[in-house]
Amino acid sequence: MNDTRFDPSSADGRWQKAWDEAECFRADSASDRPKSYVLEMFPYPSGRIHIGHVRNYTMGDVLARYKAMRGHEVLHPMGWDAFGMPAENAAMEKGVHPGKWTRENIESMKAQLKRLGFALDWSRELATCEPEYYGHEQALFIDLFEAGLVYRKESEVNWDPVDQTVLANEQVIEGRGWRSGAEVEKRKLAQWFLKITDFAEELLDGLESLDKWPDKVRLMQENWIGKSRGLQLAFDLSDGGRVAVYSTRPDTIYGASFVAVAPDHPIAQAVAAKDPGAAAFIEECKRGGTTAADLETAEKKGYLTALTARHPLLGSELPLFIANFVLMDYGTGAVMGVPGHDQRDFDFARKYDLPILRVVGVSAADADRPLGTTAEPGEGVLVNSGPLDGMDVDSAKQWVIDRAEREGWGEGKTVWRLRDWGVSRQRYWGTPIPFVHCDACGVVPVRKADLPVTLPEDIDFATPGNPLARHESWKNTTCPKCGGAAVRETDTLDTFVDSSWYFLRFASQPADRPFEPEEVAKWLPVEQYIGGIEHAILHLLYARFWTRALARLGMVEFTEPFASLFTQGMVTHETYFRREPDSGRMVYFAPEEIARDAKSAVLKEDGFPVSIGRVVKMSKSKRNVVDPDTIIAQYGADAVRWFMLSDSPPERDLPWSESGIEGCARFVQRVWRLVGEHDPAAQGEDADLARKTARSVHDVAETIEALHFNKAVAKLYELVGALEKAAPSASRTRGIQTLFQLVAPMMPHLAEEAWHSIGQLGLIANAPWPEVDESLLVEDEVTIAVQHRGKLRDTLTVPKGASKETLEELALASDKVQRSIDGAEIRKVIVVPDRLVNIVT
RNA sequence: GCGGGUGUGGCGGAAUGGUAGACGCCGGGGACUUAAAAUCCCCUGUCCUCUGGACGUGUGGGUUCGAGUCCCACCACCCGCACCA
């Protein structure tokens, strides 16, 4: 018997050191083993590892370690998405330099990751905030510019009129600046854009090849790209001008009761020049945030202009509005309003008392049935539409497009919802855009020999706004073209640019180029990419675009960077709170301040109860966070890793619980106790246990490959239970050794300690996955269900593959079944071999 | 508002259209111990007339010999919405 307990506080560090010294996780591109690139989305160095990171990286780690055991050469790197706003916020709040703050965070987070024993190749570590990284990004940006994929145009930003600075969407709270509290305005600035729309069709078509991506992510990207076929048509205006309108529902043209243009549409601007009411309305529209959610949840408002628009088929005059819900960026920035069949138009028509006409119904008989309280945007049969009456929606669309083209007032057009990618940020802590502005030569790229354009260190955050824009000695430079005086671009790149190619840099890190094409060809595409569902659209679409752009430039030979994608759920925790009696304000308490039993919770400090709130994503504001360091110190890395894999399916949320982690820590010890049961001298075979072991090897491999870690965990619980119960035998001794191999990817420290203790030489990290004797996987008996009218009455254990006749006979012979039938006439017997018999009376 | 997802015991969940609740947590009972910790064993969806039976997978309908699984409608919650990463 093995009385000692497994002690993570000494074992974890010892084995982590052993792996480091043996360079177990260094990826060798010269190896002739099949290559596997396992990648988790790299973290933003916020200061501390979050439990969500632990879950993400544990999943990747299990896969990386498993692949290595299956004989693959594994690339499993880690780096830092190190540019971004929180560093600037820290600079403003604490006076610490963003670079210092970021680099210190990286150091402490790296130490945290090491304590979890991840099989990472730290020799490839990178941080996007270092010139060794972002300098190459600047070179790539210039390459894209030269390929015609970069341009500048005016675009709206959130402007804080008090702080005189641009705000990110998250810094706008209920239409006001988060620091100043001032009402935010929309303001136009000249900004840099990447032509992602050039790739719209490719990015859409490419989704089809991504058969190892979740369908939901592909669907979200498809909807985001938003290819639509519709009609662009012109309405003649009463002042002699014209307005171009785009509609995806040209079939409903006979139901149009108004035309509306965006507040920043040229026609709106022209109207405003003469009409102070219109000008005031446009000003009003400029207030508030710029996000789509803001615009679409805001009350629909319009301004009725003096102009009218002539309906091209009816010849009637429709009122022309300026409306806050029309987007200048989509289609032509103008719409025809069909209230009956579009909810926004419906709401608008209600408000301004415009006609609401039904032009689509379930059948022709619907023509006179009025619309209810909502629009009917669906399919149907055209009514009240002259020549279209009786047509289905698709035929009517085509008829209207054909007629418009024939008569010259419109044409069929494909329109994309996807907009070009605005990459300008008016901020310091990002990759400087490597361009200068010269009065003589215009906008000129920095010479590649002069890269990187590095960020100046001597900056101040005493005043709001971009420190680069007021840094005279950094800003003033000479023009690479004419040598005259010039000013540097002071915008920096969106951090999504940094994360659009880091996976290439992990494959190789030459000093003179962004990456080594031969090395990239060896490792890429990433075999398995793992990250949060919140990145389903933006990051993943941008990375796909960037890769395609590089492919167009001939720099890489593939178009999709991530062959297989997995999106994991969040880690959640209960919340504990009290409501302040006076203000009604919620006061949250951290888990460590709480004593919790099965039904209630009290605050340790005063012994009085607190309310138990819902289980939500861990966040600082709800104080329901658990610090990985604390729990590693308390339970050991393996228990924490095991918890991350247990119970919840990896794509779903995982609720953290104290009792759950304690159960995991107990299980680690249970596995450890089997070391004492490993008896090399034990004799005799145990056929059932041998079968169970073989079945476990097979099932655990299958579930890990499918990333169903919770099921792998359940299989391992079963195997441990079976090994504990079995009497000593050679089969049991072999089974225990096999168990250690199976748990090695999940609890690697314990596995090493156990491996060593049973006398194995070398590291289990370098050991192979156990072989399985296929003949042991064949079952010879099955239990089948016997139902009467679909309800279970009995079960039978029969030889596998028994005939239908035999099964029917055995089923009818059952007392329980006969009692249930109770002499009724048997009308039908359904027999599914090896499954069930269902008797219908 | 729009797009995407999720919903099964007290809790996390399992279940190729075929035995609902595997496995784990919590809880209850017992063994061991001077005692405790640790460990081990048993029980644990609800209800009833309890050697059996009825009900039960967010709600309401439907298809089927058979539905957690497929179809329709609805409800609740979560994620994203282009300057958070």
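Biologist: In this predicted model, which ring does the charged end of Arg 65 sit over?

Modeller: A charge counts as sitting over a ring if, among other conditions, CZ of Arg is within 6 Å of the ring centre. Here the charged end of Arg 65 sits over the ring of Trp 19, at 4.4 Å from the centre of that ring. A further case is Arg 552, which lies over the face of Phe 199 at 4.0 Å from the ring centre.

Biologist: How should I read two aromatic rings, and how many aromatic pairs does the count come to?

Modeller: A pair of aromatic rings is described by two things, the distance of the centres and the angle of the planes. In this structure the count comes to 36 aromatic pairs. One of them joins Trp 192 and Phe 435, whose centres are 4.5 Å apart and whose planes make an angle of 40°, and this pair is tilted. Trp 192 belongs to strand β9 (residues 185–194) and Phe 435 to strand β21 (residues 435–438), so the pair ties together parts that lie 243 residues apart in sequence.

Biologist: Are Trp 192 and Phe 435 buried or exposed?

Modeller: Trp 192 is buried, and Phe 435 is buried as well. As another example, take Phe 348 and Tyr 352, whose ring centres are 4.8 Å apart with the planes at 45°, so that this pair, too, is tilted. Both residues lie in helix α11 (residues 343–352), and they are 4 residues apart, which is about one turn of the helix. Phe 348 is buried, with a relative accessible area of 0%, whereas Tyr 352, at 27% relative accessibility, counts as partly exposed.

Biologist: Which residues do ring pairs link into a cluster?

Modeller: The cluster is made of Phe 42, Tyr 502, Phe 503, Phe 506, Tyr 529 and Phe 562, which are linked by ring pairs.

Biologist: How do I read a sheet, and in what order do the strands of the open sheet stand?

Modeller: Strands of a sheet pair through backbone hydrogen bonds, and the pairing is either parallel or antiparallel. In this model, 4 strands form an open sheet in the order β6-β5-β9-β19, with antiparallel pairing. The edges are β6 (165–167) and β19 (421–422), and each has a single partner strand, so one side of each is left without a neighbour in the sheet. Looking at one pairing in detail, strand β5 (residues 150–160) is joined to β6 by 3 bridges, and Trp 159 stands opposite Val 166 in β6.

Biologist: What do β10 and β11 form, and how many residues lie between them?

Modeller: These two strands form a hairpin with 4 residues between them, and in the turn Gly 240 has a positive phi of about 95°. The strands β10 and β11 pair in the antiparallel sense over 6 bridges, and Leu 233 has Val 245 in β11 as its bridge partner.

Biologist: Which residues of helix α8 are buried, and which are exposed on the other side?

Modeller: In α8 (residues 266–274), the residues Ile 267, Ala 268, Val 271 and Ala 272 are buried. They cover an arc of only 135° around the axis, which puts them on the same side of α8. On the other side of α8, Pro 266, Ala 273 and Lys 274 are exposed. The elements that cover the buried residues of α8 include β10 (227–237), β11 (242–247) and α9 (276–286).

Biologist: Where does UniProt place the feature "binding site"?

Modeller: The unreviewed UniProt entry places this feature at Lys 620. In the model, Lys 620 is found in the loop between β32 (609–617) and α18 (628–635), and at 75% relative accessibility Lys 620 counts as exposed.

How values were computed: Residues numbered from 1 in each chain as written. Chains lettered and ligands numbered in written order. Predicted model: local features only at pLDDT ≥ 70, side-chain atom pairs only at ≥ 80, totals over all residues. Heavy atoms only, no water. Pairing = 2+ DSSP bridges. Buried < 20%, exposed > 50% of the residue type's maximum accessible area, 1.4 Å probe, protein only. Arc of directions from axis to C-beta. Contact = heavy atoms within 4.5 Å. Phe/Tyr/Trp six-rings, centres within 6.5 Å; stacked < 30°, edge-to-face > 60°. Lys NZ or Arg CZ within 6 Å of the ring centre and 35° of its normal. UniProt positions renumbered as here; feature names shortened; annotations may be inferred.
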